[in-house]
Amino acid sequence: MVRRGFGRFYPASSPLHALDPRTKLLGTVLVVAGLFFVGSLAGLALFAAAVGILFVASRVPPRAFLGALWPVSYIVLLTFVFQALFYHRGAIVFSSGPVEVHAGGIRMGFFLASRIVLLVLAAGLLTATTSPLALADGLEILLSPLRRVRFPVHELTMMVTIALRFIPTLQEEAERIREAQAARGAVFDEGGLLGRARSFVPILVPLTVGAFRQADELAEAMESRGYRGGAGRTRYRELHFGGQDALALTCAALLFLAGVAL
């Protein structure tokens, strides 16, 4: 069974889906910047509460966010473990030979691991509530002033759109290859860390070859339809910035200021 994960758009009728994509992009930038600047657990808790409220308001299935967290679970776990073992501040909580775990290390590990989780969830909220085309249109409009310095805005947004579109596709392809290899007797959940990493080589090789094949097919399809970049292109749907967008951006700005100030 193929899991739907990070980067997938979930159509729904929710306040977040109704917002202008530029509002969601700028709001996500404010939340991500706030998470990098926040320096206290109270500020982090404020951002966590805000992300939780947005998660409920989005009406996106919880499994979508669990699927987004699964690929970074090892990074989150390693971040917590390394901080707990090597950040020696505060009282000693556990000691065995040369290994010491301090209260400050546990606190720092929890802080950094929570920051990573919130960053992934914030990005997941953006992609789950915004279609790739709307996201590309919003990003292109926001970056349009850079055209004055000959920055390839359209090409950049097209690359971002294709990358976001291909993330769930590659996830599904990797899941199919893993199930096919498992049916042939391959084992992926046994052995040490190095052994498990080696067991994924039979997945990475066909996955890489398949990604290049899909990229070639996509390029040929775009050329056959006359795609020549952004010159003279128009939009099927025009974006509208309304009162709810102004309110949402104001709330995001207040969240940023409050989270950093705590």
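This is a predicted model: local features need pLDDT of at least 70, side-chain atom pairs count only at pLDDT 80 or more; totals for chains, interfaces and linings use all residues.

Colleague: Where do α7 and α8 sit in the chain, and at what angle do the axes cross?

Modeller: Helix α7 covers residues 132-143 and helix α8 covers residues 153-183. Their axes come within 9 Å and cross at roughly 155°. With an angle over 145 counting as roughly antiparallel, that makes α7 roughly antiparallel to α8.

Colleague: Which residues meet there?

Modeller: On the α7 side you have Pro132, Leu135, Ala136, Leu139, Glu140 and Leu143. From α8 come Val153, His154, Leu156, Thr157, Val160, Thr161 and Leu164. Sorted by class, this contact of α7 with α8 has 9 nonpolar, 3 polar and 1 charged residues.

Colleague: And what's in the loop between α7 and α8?

Modeller: Arg150 is in that loop. Its phi is near 60°, a positive value in a residue other than glycine.

Colleague: Is Arg150 buried or exposed?

Modeller: Exposed, with a relative accessible area of 78% for Arg150. The cut-off for exposed is over 50%.

Colleague: Which other non-glycine residue has a positive phi of about 60°?

Modeller: Arg59 has one, at about 60°, and it is not a glycine either. You'll find Arg59 in the loop between α3 (41-58) and α4 (62-69). Arg59 counts as exposed too, at 56% relative accessibility.

Colleague: Back to α8. How does α8 cross α10?

Modeller: Helix α10 is residues 201-224, and its axis comes within 10 Å of the α8 axis, with a crossing of roughly 140°. That makes α8 oblique to α10. The crossing of α8 and α10 is right-handed.

Colleague: What does α8 put into that contact?

Modeller: Helix α8 brings Met158, Ile162, Phe166, Thr169, Leu170, Glu173, Ala174, Ile177, Arg178 and Gln181. They meet Pro202, Ile203, Pro206, Leu207, Ala211, Gln214, Leu218 and Met222 in α10. By class, the α8 contact with α10 has 13 nonpolar, 3 polar and 2 charged residues.

Colleague: New topic: aromatics. How many aromatic pairs are there?

Modeller: The count comes to 2 aromatic pairs, taking rings whose centres lie within 6.5 Å. One of them is Phe37 with Phe256, an edge-to-face pair with 6.4 Å centre to centre and 90° between the planes.

Colleague: Which helices do Phe37 and Phe256 come from?

Modeller: Phe37 lies in helix α2 (residues 21-37) and Phe256 in helix α11 (residues 243-261), so the pair ties together parts that are 219 residues apart in sequence.

Colleague: Is Phe37 buried or exposed?

Modeller: Phe37 counts as exposed, at 59% relative accessibility.

Colleague: Okay, now Arg115. Where is it, and is Arg115 buried or exposed?

Modeller: Arg115 is in helix α6 (residues 103-129). It is buried, with a relative accessible area of 15%, and the cut-off for buried is under 20%.

Colleague: What does Arg115 touch?

Modeller: Leaving aside neighbours within four places in sequence, Arg115 is in contact with Leu35, Phe36, Val38 and Leu44. As for Ala128, 13 residues apart from Arg115 along the chain, the C-alpha atoms of the two are separated by 20 Å.

Colleague: And Leu78, where is that?

Modeller: Leu78 is in helix α5 (residues 73-86). At a relative accessible area of 46%, Leu78 is partly exposed. Leu78 and Gly109 are 31 residues apart in sequence, and their C-alpha atoms are 9.1 Å apart in space.

Colleague: Let's zoom out. What's the secondary structure of the whole chain?

Modeller: The protein chain has 11 helices and 2 strands. From the N terminus on, the elements run α-α-α-α-α-β-β-α-α-α-α-α-α.

Colleague: How much of the chain is buried, and what box do the C-alpha atoms fill?

Modeller: Buried residues make up 33% of the 262 residues. The C-alpha atoms fill a box of roughly 70 × 55 × 40 Å along the principal axes.

Colleague: One last thing: what share of the contacts links residues 24 or more positions apart?

Modeller: Of the contacts with a separation of 6 or more, 73% are between residues 24 or more positions apart.

Notes
Residues are numbered from 1 along each chain as its sequence is written. Side-chain values use heavy atoms; hydrogens and water are left out. Rings of Phe, Tyr and Trp (its six-membered ring) pair if their centres lie within 6.5 Å; planes under 30 degrees apart count as stacked, over 60 as edge-to-face and the rest as tilted. Helices (H or I, at least four residues) and strands (E, at least two) are DSSP runs, numbered from the N terminus. Buried means under 20% relative accessible area, exposed over 50%, partly exposed in between (1.4 Å probe, protein chains only). Axes are lines fitted to C-alpha atoms, for helices over the stretch in contact, and angles run from 0 to 180 degrees between N-to-C directions. Angles under 35 degrees count as roughly parallel, over 145 as roughly antiparallel, 65 to 115 as roughly perpendicular and the rest as oblique. Contact means heavy atoms within 4.5 Å. Ala, Val, Leu, Ile, Met, Phe, Trp, Tyr, Cys and Pro count as nonpolar, Asp, Glu, Lys and Arg as charged, and the others, Gly among them, as polar. A crossing is left-handed if the near helix is turned anticlockwise from the far one by less than a right angle, and right-handed if clockwise.
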